[in-house]
Structures are given as structure tokens and as C-alpha cells.
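Please read the notes below alongside the sequence and the structure.

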Amino acid sequence: MTSRRGPAGRLREVVVVGGSISALTAVEMLRMEDFDGRITVLSDEDVPPYTRVPLSKGVLAGTESIDDVALGPPAGDVDLRLKTPATGLDLRARTVHTPSGDVRYDGLVIATGGRARRLGHPGQDERVLRSYGDCVRLRDDLAVASSVLIVGGGFLGMEIASTARALGKDVTVVDLAPPLDRLLGAAVGGHVRAVATRAGVRVVVTDGGVRLLGTPTPTGVELVDGTRLEADLVVSAVGDVPNVEWLAGSGVQVHGGIVVDHHCRVAPDVVAAGDVTVISGGDGELSRAPHWTNAVDQARAAVRGLLQGDRAAPYRPSQYCWTEQFGLDVKLVGDLDPQGEPAVLDGSLDQGSALLAWPDATAPRTAIAVNHRTPPVKLKRLLRPAATGVPA
């Protein structure tokens with residue numbers, strides 16, 4: 001059996017750890033790059049790979065099922081092992097440890113993603129939304145709840161709020177800052193909040209953290225000033241934590257995620273992609289980009305790095321993300337949290353459709369489309385080359 005790789009030799013068996021969009025993209029990319037060896041996928045989930053994007057929308061609302069969000073099974077020659085979490089890694093022996101036994105590899109793709117960050121103590125049965133299982137449980141709770149309290153006003157928290165409000169629930173969102181400002185900036189964040197408020201969402205901004213109240217199921221939160229807010233259903237939407245614990249003692253460098261180089265390499269014949277990774281920017285700071293687009297793009301780059309080595313093109317994050325909530329389709333490319341008033345390239349927020357740029361129209365570092373027809377590719381081209389590495 002022959003297979004392709006970089007100049008160092010041949011790979012015959014590649015193991016992909018994870019069951020996310022990043023993992024499935026890696027599998028597809030291996031075949032597209034003419035790797036004809038054995039591929040084994042180790043997933044800790046009990047369902048085949050699926051896209052998480054609709055979980056906070058159609059699946060939570062009950063209009064979509066796992067069949068609707070499934071990404072399709074890998075090719076028949078791929079060994080997909082569900083309910084098989086990785087528990088350890090031996091780089092020297094080229095072995096992934098699992099409860100079912102060791103799995104050897106010639107090449108390894110780590111795409112274990114992240115899990116929902118939690119605020120409560122171990123005795124609390126905290127509601128979160130990250131996996132399909134989380135979504136099913138939250139959907140069932142939402143069906144019998146009249147009021148919902150969401151801790152966290154990022155994309156996920158506000159998408160949950162949008163779905164809950166569309167179902168007729170009384171919705172409150174609590175955050176340390178005005179929801180979405182730290183992502184979309186004050187201008188667009190304020191516009192989305194205004195739309196959410198008109199839809200009936202109550203927004204509470206607190207100067208400090210919150211404490212979940214109630215055991216085992218939280219029934220409210222307490223703010224730093226002693227104010228208590230209660231609801232039938234409390235949901236934490238406060239980000240995610242990379243799944244890296246299984247790598248303890250392996251020698252893999254971890255600093256808030258798996259540290260990868262610009263070919264997504266971790267160690268010889270080992271690459272990583274998606275929400276589990278951190279990468280150094282131009283300023284030397286390590287950063288994560290836990291977005292769907294990054295998971296797909298980085299998985300492709302990781303496979304090329306695994307097979308082609310230094311000959312592969314370096315990975316450059318696309319800096320693209322989007323959200324759909326309260327009837328708004330918001331697409332962003334470039335730096336998060338743009339400051340100041342934007343340059344209006346087309347339309348206006350007051351009219352309901354706008355194309356905006358920061359800090360100005362001649363050399364923007366951020367562009368946002370709100371209910372605007374501009375496709376993502378064209379949106380990316382608005383940025384100057386220094387921001388994306390792509391000619392304007």
C-alpha cells in the first residue's frame with residue numbers, strides 16, 4: 001500500500017481524534033490529497049459527526065433533528081469508532097490510548113475541540129449548549145419552561161435568547177458587558193441589542209461575576225451587588241474550554257490549547273486543528289479562533305502540513321465569523337470589537353441593511369455586513385492585505 005506525505009517518508013495509517021467538523025474535514029482532505037492508507041476516527045460522541053451551527057437555532061427550536069444536522073458518514077473505507085474517547089498519547093510509541101485499547105498511528109490529527117465552560121460547582125446540574133446531547137436536554141427543558149435566564153451575551157448566548165424568545169419564553173440575558181459589544185463593537189452590538197430588546201429580551205449588565213443558585217438544577221443567579229434573578233431555566237453560555245486533559249504527560253505543548261506552528265504541526269507527524277488549538281499571531285501572542293470557518297480551514301491546512309511538511313502553504317486564519325439572531329444575519333471579517341463609528345459602505349443600520357468598515361473605507365481592518373447581500377468572499381476582500389494575507 002502506498003500513500004503520500006512530505007519528503008520524510010510514507011504514512012500508512014492516520015488516526016483522527018475527534019468527531020467534529022474539523023475532524024471530518026481532515027478525513028475528507030486526506031482523501032482529496034490522495035492519501036490512500038488507513039484512516040481511523042476516534043470520537044467520544046455516540047452520534048456520527050454533525051455541524052453545531054444549527055444547535056442554537058433549528059435543533060433547539062425543535063424544527064431540526066440529528067438527521068438534519070448530520071454531516072454525512074465518512075467514506076466506507078474509514079474506520080469510525082463512536083463512544084471511543086482518547087485518554088492518553090504516547091508520542092514515542094505513536095500510540096493513542098483509549099478505554100478499548102491502544103490505537104497505533106503513522107500520522108495523527110488532533111481535533112478534539114472544546115467543551116462548554118461551566119460556572120457552577122460539581123453538585124449543580126448546569127445547563128449548557130455545546131453538543132447534540134446538550135441541545136436535546138436543553139430543548140426538552142425549554143419546552144416546559146416559561147422563563148429563561150441566559151448567562152453570557154456572546155454569539156451563542158444571544159442565539160439561544162433569540163430561539164427562546166421566538167418560542168414565546170420570557171428571556172433575560174446577563175453579562176459583564178453589553179452583549180455582543182466585545183465581538184461586534186458598540187455600533188453593531190448596540191443595533192443587535194436594540195432589535196433584541198424590541199423583541200422582548202431583557203438585558204442585565206453586571207459589574208462582576210455571577211453565582212448560580214439552586215441545587216442540583218440552578219434556578220437563578222446572584223449578582224455581585226446581591227441582586228437575585230430567577231427563572232424556570234438557567235443556561236450558561238460563557239465560552240468553551242479546549243479538550244486537552246488527555247494529553248497530560250505526553251509532551252505536547254499546551255498553553256490554553258494545543259500550540260501549533262503555521263503548518264498546524266504539534267510534533268513529528270502530529271498536527272492539530274480547530275477549537276483545541278492556539279496559534280501565535282504576528283505579535284507573538286497565542287490566540288484561539290473557536291469559529292466554524294476556522295475549524296474547516298485549519299483542518300485543511302493541518303492535513304497539508306501532515307502530508308507535505310514545509311512545502312505546504314502556511315495557515316492564515318480567515319478572521320471570519322457570523323451569527324443569525326432576531327431576524328438579523330451578521331457577518332464579520334477582521335478584528336473583533338471594532339472601535340468608533342464605522343465608515344458606511346452601503347445602506348444603513350436604521351434601514352435594516354448595512355455594509356460597514358473600520359476604521360475607514362480606504363484601509364479597513366474590520367468589515368461587517370448586517371442583513372446585506374455581500375457574500376463572505378467579497379467581504380474578506382474588503383480588508384487590506386496586511387489583515388488577511390489576501391490581496392484586496
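In this predicted model, a search of the whole structure finds 0 disulfides. Cys-264 is accordingly in no disulfide, and the nearest cysteine sulfur, which belongs to Cys-321, is 19 Å away.

**Cysteine burial**
- Cys-264 counts as buried because its relative accessibility is 0%, where the cut-off for buried is under 20%.
- Cys-135 likewise has a relative accessibility of 0%, and therefore counts as buried.

**Cis peptide bonds**
- Thr-215 and Pro-216 are joined by a cis peptide bond with an omega of about 0°, and Pro-216 is found in the loop that runs between β12 (211-213) and β13 (220-222).
- A cis peptide bond also leads from Trp-358 to Pro-359, with omega near -10°, and the place of Pro-359 is in the loop between β25 (353-358) and β26 (366-370).

**Positive phi at non-glycine residues**
- Asp-34, although not a glycine, has a positive phi of about 70°; Asp-34 is placed in the loop between α1 (21-32) and β2 (38-42).
- With a relative accessibility of 54%, Asp-34 counts as exposed, since the cut-off for exposed is over 50%.
- Leu-180 is not a glycine either, yet has a positive phi of about 80°, and Leu-180 lies in the loop between β10 (170-175) and α6 (181-198).
- Leu-180 has a relative accessible area of 3% and is therefore buried, whereas Asp-34 is exposed.

How values were computed
Residues are numbered from 1 along each chain as its sequence is written. This is a predicted model: local features need pLDDT of at least 70, side-chain atom pairs count only at pLDDT 80 or more; totals for chains, interfaces and linings use all residues. Side-chain values use heavy atoms; hydrogens and water are left out. A disulfide is a pair of cysteine sulfur atoms within 2.5 Å. Buried means under 20% relative accessible area, exposed over 50%, partly exposed in between (1.4 Å probe, protein chains only). Helices (H or I, at least four residues) and strands (E, at least two) are DSSP runs, numbered from the N terminus.
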